[in-house]
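Welcome to this guided tour. Open the structure in your viewer, and we will go from one selection to the next.

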Amino acid sequence: MKTTMKSLVFLLLAATVGSASAQDDPAKFASVDIHTNAVCNDCKHRIESEMLYVKGVQAVTVDLAKENIHVEYRAKKTDPAKLREAVSKIGYLADDVQPDPAARKALPSCCQMTKEEHNASGAPAAPAGPASPAEPQH
Ligand SMILES: [Cu+2]
């Protein structure tokens, strides 16, 4: 039983070594979805604009309904762990990384609420109806 496992592991290792060098393309883009606790459009804009200043970040989209941050980045400049750290420093949850307490405290009080509290408070909630019509016109 043990020897079967060992040879299986060895086979898997041998198979990965061959493909490893193909991942080092310097221009390579990657993307990650980070679960967050953003509650309103204010949160959305805050995360989208601040994340753009994070090294390696190419594009950021916050989906309030799905509580998700989609980040496109240059794989050579950053990685998901650093991106989660950056989200935490803005004051929001990032998967298993808790929000930075000081940054969280600095957010407007409505943005510190949970989604349930926020909706119960009667403050303008996450877009409920047909997709956000209020995108600023340029
Ligand atoms: Cu907010």
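## Stop one: helix H3

Select helix H3 and colour its buried residues, which are Leu83, Arg84, Ala86, Val87, Ser88 and Ile90. A residue is called buried if 20 or more other C-beta atoms lie within 10 Å of its own, exposed if 12 or fewer, and partly exposed in between, with C-beta atoms placed from the backbone. Helices (H or I, at least four residues) and strands (E, at least two) are DSSP runs, numbered from the N terminus.

Before going further, a word on what is on your screen. This is a predicted model, in which local features need pLDDT of at least 70 and side-chain atom pairs count only at pLDDT 80 or more, while totals for chains, interfaces and linings use all residues. Residues are numbered from 1 along each chain as its sequence is written.

Now show what surrounds H3. Its buried residues pack against strand S1 (29-35), H2, S3 and H4. Contact here means that the C-beta atoms of two residues, placed from the backbone, lie within 7 Å.

Stay on this helix and pick lysine 89, which lies in H3. Lysine 89 counts as partly exposed because it has 17 C-beta neighbours inside 10 Å. Leaving out residues up to four places away in sequence, lysine 89 touches Asp100 and Ala103.

Just after H3, click on glycine 91, which takes a positive phi of about 115 degrees.

Which residues make the contact between H2 and H3? Select Arg46, Ile47, Glu50 and Met51 of H2, together with Ala86, Val87 and Ile90 of H3. Sorted by class, this contact has five nonpolar, no polar and two charged residues. Ala, Val, Leu, Ile, Met, Phe, Trp, Tyr, Cys and Pro count as nonpolar, Asp, Glu, Lys and Arg as charged, and the others, Gly among them, as polar.

## Stop three: the buried face of H2

Keep H2 in view and highlight its buried residues: Cys43, Lys44, Ile47 and Met51. Look down the axis of H2 and these residues fall within an arc of 100 degrees, so they line one face of the helix. The arc is that of the directions from the helix axis to the C-beta atoms. An α-helix has 3.6 residues a turn, so residues three or four places apart point the same way.

The buried residues of H2 pack against strand S2 (57-63), strand S3 (68-74) and H3.

Zoom in on lysine 44: is this residue buried or exposed? Lysine 44 is buried, with 21 other C-beta atoms within 10 Å. Beyond residues up to four places away in sequence, lysine 44 touches Ala38, Val62 and Leu64. From lysine 44 to glutamate 67, C-alpha to C-alpha, is 9.8 Å in space, although they are 23 residues apart in sequence.

## Stop four: two loop residues

Move to glutamate 67, in the loop between S2 and S3. Glutamate 67 has a positive phi of about 50 degrees although it is not a glycine. Most residues other than glycine have a negative phi.

Next, select aspartate 95, in the loop between H3 and helix H4 (101-106). Its phi is also positive, near 55 degrees. Aspartate 95 has 17 C-beta neighbours inside 10 Å, so it counts as partly exposed.

## Last stop: isoleucine 34

Finish in strand S1, where you will find isoleucine 34. Isoleucine 34 is buried, with 24 other C-beta atoms within 10 Å. Apart from residues up to four places away in sequence, isoleucine 34 touches Ile69, Val71, Leu83, Arg84, Val87, Ala94 and Asp95.

Now zoom out to the whole protein: five helices and three strands, in the order α-β-α-β-β-α-α-α along the sequence.
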